[in-house]
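Here are some exercises to work through with the model open beside you. Try each task yourself, then follow the solution.

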Amino acid sequence: MRFRILSSLLLLAVCFDAAAGDLYAEINRLRTREGNCTVAGDLPALRPQAALERAARDLARGGSLEQSLKAAGYRATRAHTLSITGDGIGTVAAEILARQSYCRQLQEAAMSEVGFYLDARQLWIVMAAPFAPLVGVTEETAERRVLDLVNQARATPRYCGNRMFNAAGPVRWNGLLARASLLHSEDMARNNYFSHSGRDGSSPAQRVERVGYRYRATGENIAAGQPNPEDAVAGWIKSPGHCANLMNPAFTEMGAGVAIDRASEMGVYWTQAFGAPR
């Protein structure tokens with residue numbers, strides 16, 4: 001009897017694995033010319049992800065997407081869900097997904113990973129782009145890119161809030177300011193906080209002094225959560241106070257530092273220190 005019970009459970013597991021494989025295959029077929037959806041060009045196949053399967057299961061039990069992803073330990077740059085309910089959905093899920101009404105949701109190009117939960121009455125699919133800051137570049141390259149973007153911004157007159165700034169001259173890279181910036185970014189990332197005040201109570205001016213920078217004027221911009229330097233600088237330009245730092249003609253030097261910690265709330269932290277040397 002024991003052997004028969006174990007055999008039945010094994011057969012059930014094999015059948016479920018086969019069904020799961022078929023549904024993943026159907027989802028990916030719908031992203032290519034092999035499926036029933038109209039496509040402009042084949043999209044990369046979505047990779048099955050166990051954390052997204054757990055999130056889909058939690059959604060089926062009434063959870064929210066944000067809470068479900070967090071509980072599954074998955075950090076996403078972007079994510080969305082698709083759900084279908086009805087009697088017998090477990091046996092016709094692939095057929096239903098093949099209908100044109102679901103094509104657009106399954107063909108979002110930014111998504112690269114997928115997980116689903118399926119039972120007799122409901123199907124939940126979670127598609128996501130995993131958190132991946134600085135794709136294809138090193139931290140050092142990203143930091144230097146901040147310099148380029150800042151100088152591009154300074155070359156154009158602009159309003160920072162209600163205050164008008166004329167075009168300002170370019171700032172040059174300073175290694176001491178970069179060191180102070182990196183140390184603050186690393187401290188925020190490692191200790192999961194976001195503030196101009198250091199965890200030890202230090203101010204931006206004190207932090208640049210610590211690394212040996214002597215200044216007539218100094219200022220600091222910080223940002224968190226942006227996956228690339230373009231987004232970080234764009235955010236500073238939109239913020240009146242940060243924009244004023246960026247456009248300040250008194251500043252002639254700058255440094256930047258970025259730190260990544262996937263276990264932290266924001267994931268990626270940016271610091272930019274400006275200075276006018278003494």
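**Exercise 1.** At what angle do helix H9 (residues 229-238) and helix H10 (residues 240-247) pack, and how far apart are their axes?

*Before you start.* This is a predicted model, in which local features need pLDDT of at least 70 and side-chain atom pairs count only at pLDDT 80 or more, while totals for chains, interfaces and linings use all residues. Residues are numbered from 1 along each chain as its sequence is written, and side-chain values use heavy atoms, with hydrogens and water left out.

*Solution.* 
Step 1. Helices (H or I, at least four residues) and strands (E, at least two) are DSSP runs, numbered from the N terminus.
Step 2. The angle between H9 and H10 is about 105°, and their axes are 5 Å apart. Axes are lines fitted to C-alpha atoms, for helices over the stretch in contact, and angles run from 0 to 180 degrees between N-to-C directions.
Step 3. H9 and H10 are therefore roughly perpendicular to each other (65 to 115 degrees on this scale).
Step 4. On the H9 side, Val233, Trp236, Ile237 and Lys238 make the contact, and on the H10 side Pro240, His242, Cys243 and Leu246 do; contact means heavy atoms within 4.5 Å.
Step 5. Sorted by type, the residues of this contact are six nonpolar, one polar and one charged. Here Ala, Val, Leu, Ile, Met, Phe, Trp, Tyr, Cys and Pro count as nonpolar, Asp, Glu, Lys and Arg as charged, and the others, Gly among them, as polar.

**Exercise 2.** Find which residues of helix H6 meet H10.

*Solution.* 
Step 1. H6 (residues 139-154) packs on H10 at about 90°, with the axes 9 Å apart.
Step 2. H6 and H10 are therefore roughly perpendicular to each other.
Step 3. From H6, Val150, Ala153 and Arg154 meet Asn245, Leu246 and Met247 of H10.
Step 4. That contact holds four nonpolar residues, one polar and one charged.

Definitions and conventions. Parallel < 35°, antiparallel > 145°, perpendicular 65-115°, else oblique.
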